[in-house]
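This report describes a few local features of one structure. The sequence and the model are shown first, and the notes follow.

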Amino acid sequence: MKLKAFKFRLEPNQQQKVLINKTLGCARFLYNQMLSEKQTKYKSKDDSKLKTEKEYKIEFNWLKDVDSIALQQARIDLKTAYDNFFRKLKAGQPTNFKFKSKHNPKNSYRTISISNSIRVEDNKIKLPKLGFVKFKKSRDISGKIKSITVSKNILGRYYISVLCETEIQKLPTLDTQIGIDLGLKEFCITSDTEFVSNPKFLRKSEQKLVKEQRKLSKRVKGSNRRFKQQKKVFKLHQKISNQRLDFLHKLSTKLINENQVICLEDLQVKNMVKNHCLAKSISDVSWSKFVEFLKYKADWYGRTLVQIDKFFPSSKTCSCCGNIKDDLTLKDREYICSHCGLVINRDYNAALNILREGLRIISGWDDRDISVNIQTLVCSS
Ligand SMILES: [Zn+2]
């Protein structure tokens, strides 16, 4: 059983909108109350338990009007936020702890399905307290509904994300394998000699976003013009994010469909982003998202994903003879081997090495057995 998420535009009627807004407000209110209580207790070194939802409901009577499970989830969210905060603090990463603001571009609440309390009928979904709410059913929902998240964004649009437990059919086993080198110039290069370009529209949209964000920072806080600009920036943000996800989903699905074994480098993107001149390109191509998609899809469909140690010299090694070229620089686009005379595209060479190393890891073969395989690939290119 795997968890799969489906996201749709929600089309609540007026009455339902009012109740959703109220639930969003209550969940946010409770979250902030609990956070403030926790902080006060922390400062005064008081380690007694936090007030329960029940106690809060007595104190703030109007909390009773909304889905009680959504309120319980607010406590879980707070715990998660706390855990993340301390994990980052321990690791020495920058972190902060924020109260939830009504002015967030996106607000949401989560609730879980208890004995079929949430179910889909035609193009309507039954939600606690709200009854049947219409939604734009762009695809079928398969599996057993576990939980849902209702969100409202700055544009006044409502969405629902449905998390289902579902049986996923594994794909038939193949005998194909591929090595992938994630690049800067190209998005990636494969050992099948495929060069996948960075989507240019992303770069373009991003430049536009920088411009609009600069404008936003100049607008007076609380003004109507600022709010308008905020909406514009949000829209652009969403467009970029959707385009990027679409690109990464299509590419990862294709690779999973066509290959039994997929080998790539363990990049530790977090460490690389610190290097400012590379940072932009890296965030642009969203490698970490790509790897995340490959990981869960490999798990779903029965493929093997191998990540190569980040210290493996994939660029400096000759894919033909195994010689290591220590003086290779980032500028060298071509790999020229002084030992065997191989002349080969730098990134393609790396992809071949990544494939070879990945196969070595999973098969336990030694290098010699695999090199035969690789050399045919080189010759056919
Ligand atoms: Zn060589």
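Thr-317 lies in the loop between β12 and β13. The model is a predicted one. Thr-317 has a relative accessible area of 10%, and because the cut-off for buried is under 20%, Thr-317 counts as buried.

Setting aside neighbours within four places in sequence, Thr-317 is in contact with Gly-322, Asn-323, Ile-324, Tyr-335, Asn-349 and Asn-353. Between Thr-317 and Leu-328 there are 9.6 Å in space, C-alpha to C-alpha, and the two are 11 residues apart in sequence.

## The zinc site

Which residues coordinate the zinc ion? The SG atoms of Cys-318, Cys-321, Cys-337 and Cys-340 do so, at 2.3 Å. The angles among the 4 donor atoms are 105 to 113°, and the site is tetrahedral. For comparison, the ideal angle for four tetrahedral donors is 109.5 degrees.

Along the sequence, the donor residues follow the spacing C-x2-C-x15-C-x2-C. Cys-318 and Cys-337 link distant parts of the chain and are 19 residues apart. Cys-318 is in the loop between β12 (304–308) and β13 (334–336), whereas Cys-337 is in the loop between β13 and β14 (343–345). Are these two cysteines, Cys-318 and Cys-337, buried or exposed? Both Cys-318 and Cys-337 are buried.

## Helices α4 and α5

Helix α4 covers residues 200–218 and helix α5 covers residues 224–258. Their axes come within 10 Å and cross at roughly 160°. Angles over 145 degrees count as roughly antiparallel, so α4 is roughly antiparallel to α5. The crossing of the two helices, α4 and α5, is left-handed.

On the α4 side, the contact is made by Phe-201, Leu-202, Ser-205, Glu-206, Lys-208, Leu-209, Glu-212, Gln-213, Lys-215 and Leu-216. On the α5 side, the residues are Arg-226, Gln-229, Gln-230, Lys-232, Val-233, Leu-236, His-237, Ile-240, Gln-243 and Arg-244.

Val-220 is located in the loop between α4 and α5. Its relative accessibility is 60%; because exposed means over 50%, Val-220 counts as exposed.

How far apart in space are Val-220 and Lys-2? The C-alpha to C-alpha distance between Val-220 and Lys-2 is 47 Å, and the two residues are 218 residues apart in sequence.

Terms used. Residues numbered from 1 in each chain as written. Predicted model: local features only at pLDDT ≥ 70, side-chain atom pairs only at ≥ 80, totals over all residues. Heavy atoms only, no water. Donors = N, O, S within 2.8 Å, 3.2 Å for Na, K, Ca; no water. Tetrahedral: all angles 85-135°; square planar, octahedral: opposite > 155°, others 65-115°. Helix = DSSP H or I, 4+ residues; strand = E, 2+ residues; numbered from the N terminus. Buried < 20%, exposed > 50% of the residue type's maximum accessible area, 1.4 Å probe, protein only. Axes fitted to C-alpha atoms, helices over the stretch in contact; angles between N-to-C directions. Parallel < 35°, antiparallel > 145°, perpendicular 65-115°, else oblique. Left-handed = near helix turned anticlockwise from the far one by under 90°. Contact = heavy atoms within 4.5 Å.
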